[in-house]
Amino acid sequence: MARQLKNAEITHVSYVDSPANKKRFLLTKSLDGGEPTFDKKVDVIIDKSDEKQLVYGVVYEPEVEDAHGDYMTADDIEKSAHDFMREARNIDTNHDFEAGVGEVVESYIAPADFEIGGETITKGTWVMVTKASDEV
């Protein structure tokens, strides 16, 4: 039976190969006016001349059970997202709690359903855009 998470204190968001939210992470790279490209996992392609290498990701989607059997309501997701932006903003890899491998450049709660690269983002979903460091 799924367990509802309430008042989650998010201190780190991780670049991982198999996210618990079962959503693919979306990688985009600026393509001089072309459509962005998307990949199933975070495989950052380093091009030092391209300053817009951004990683798009669904952090949490409301009312959807994650790989750990947990879920959150849209209201709890919004509170956690706002607290994260105010208090933490830490990006790590594989939940190692060693922040500094990326920086948050956008974070928002989807105001309506929309689509990114063939992926449906539902209203209330926490979406984050980060710029990954060269080491990632």
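Select Thr73 to start; its place is in the loop between β5 (70-71) and α1. Helices and strands here are DSSP runs (H or I of at least four residues for helices, E of at least two for strands), numbered from the N terminus. The model is predicted: local features need pLDDT of at least 70, side-chain atom pairs count only at pLDDT 80 or more, and totals for chains, interfaces and linings use all residues. Residues are numbered from 1 along each chain as its sequence is written, and side-chain values use heavy atoms, with hydrogens and water left out.

Stay on Thr73 and show its side chain, which reaches the backbone nitrogen of Asp76 at 3.1 Å. Then select Gln4, Pro62 and Glu63: Thr73 touches these residues, not counting those up to four places away in sequence. Contact means heavy atoms within 4.5 Å.

**The whole chain**

Zoom out and colour by secondary structure. The protein has 1 helix and 10 strands, in the sequence pattern β-β-β-β-β-α-β-β-β-β-β. Of its 136 residues, 41% count as buried. Buried means under 20% relative accessible area, exposed over 50%, and partly exposed in between, with a 1.4 Å probe and protein chains only. Among contacts between residues at least 6 apart in sequence, 62% join residues at least 24 apart. If you draw the surface, its accessible area comes to about 8100 Å², of which 47% belongs to carbon and sulfur atoms. Such areas come from the Shrake-Rupley method with a 1.4 Å probe, and for residues only the protein chains shown count as cover.

**The cores**

Next, select Val13, Tyr15, Phe84, Ile91, Trp126 and Met128. These have the most contacts inside the largest nonpolar core, which has 16 residues. A nonpolar core is a set of buried Ala, Val, Leu, Ile, Met, Phe, Trp, Tyr and Cys residues joined through side-chain atoms within 4.5 Å. To see where the residues come from, show β2 (12-15), β4 (54-60), α1 (74-87) and β10 (126-132), the elements that give two or more residues to this core. Apart from it lies another core, of 5 residues, including Val58, Ala110, Ile121 and Val127.

Centre the view on Phe84. Which residues does Phe84 contact, leaving aside its neighbours within four places in sequence? They are Ile10, Thr11, His12, Val13, Arg89, Asn90, Val104, Trp126 and Met128.

**The aromatic pair**

Keep Phe84 and Trp126 on screen. Rings of Phe, Tyr and Trp (its six-membered ring) pair if their centres lie within 6.5 Å; planes under 30 degrees apart count as stacked, over 60 as edge-to-face and the rest as tilted. The count by this rule is 1 aromatic pair. Phe84 and Trp126 form it edge-to-face, at 5.7 Å centre to centre with 65° between the planes. The pair links distant parts of the chain, with Phe84 in helix α1 and Trp126 in strand β10, 42 residues apart. Both Phe84 and Trp126 are buried.

**Salt bridges**

Now show charged side chains. A salt bridge is a side-chain nitrogen of Lys or Arg within 4 Å of a carboxyl oxygen of Asp or Glu, and the count by this rule is 3.

Select Arg3 and Asp70: they form a salt bridge whose closest N and O atoms are 2.7 Å apart. Arg3 is in strand β1 (residues 3-4) and Asp70 in strand β5, so this pair links distant parts of the chain, 67 residues apart. Asp70 is buried, with a relative accessible area of 7%.

Asp83 meets Lys79 at 2.9 Å, N to O, and the two lie 4 residues apart, about one turn of the helix. Asp83 also meets Arg86, at 2.3 Å, N to O; here the spacing is 3 residues, again about one turn. Lys79 is partly exposed at 39% relative accessible area, whereas Arg86 counts as exposed at 56%.

**Two positive phi values**

Most residues other than glycine have a negative phi. Select Asn7, in the loop between β1 and β2, where phi is near 55°. Asn7 is exposed, with a relative accessible area of 51%.

Finish at Arg89, in the loop between α1 and β6 (90-93). Arg89 is not a glycine, yet has a positive phi of about 60°. Arg89 is partly exposed, with a relative accessible area of 45%, and is one of the residues in contact with Phe84.

Technical notes. A polar contact is a pair of N or O atoms within 3.5 Å; within protein, one must be able to donate a hydrogen and the other to accept it, and residues adjacent in sequence count only if both atoms are side-chain atoms.
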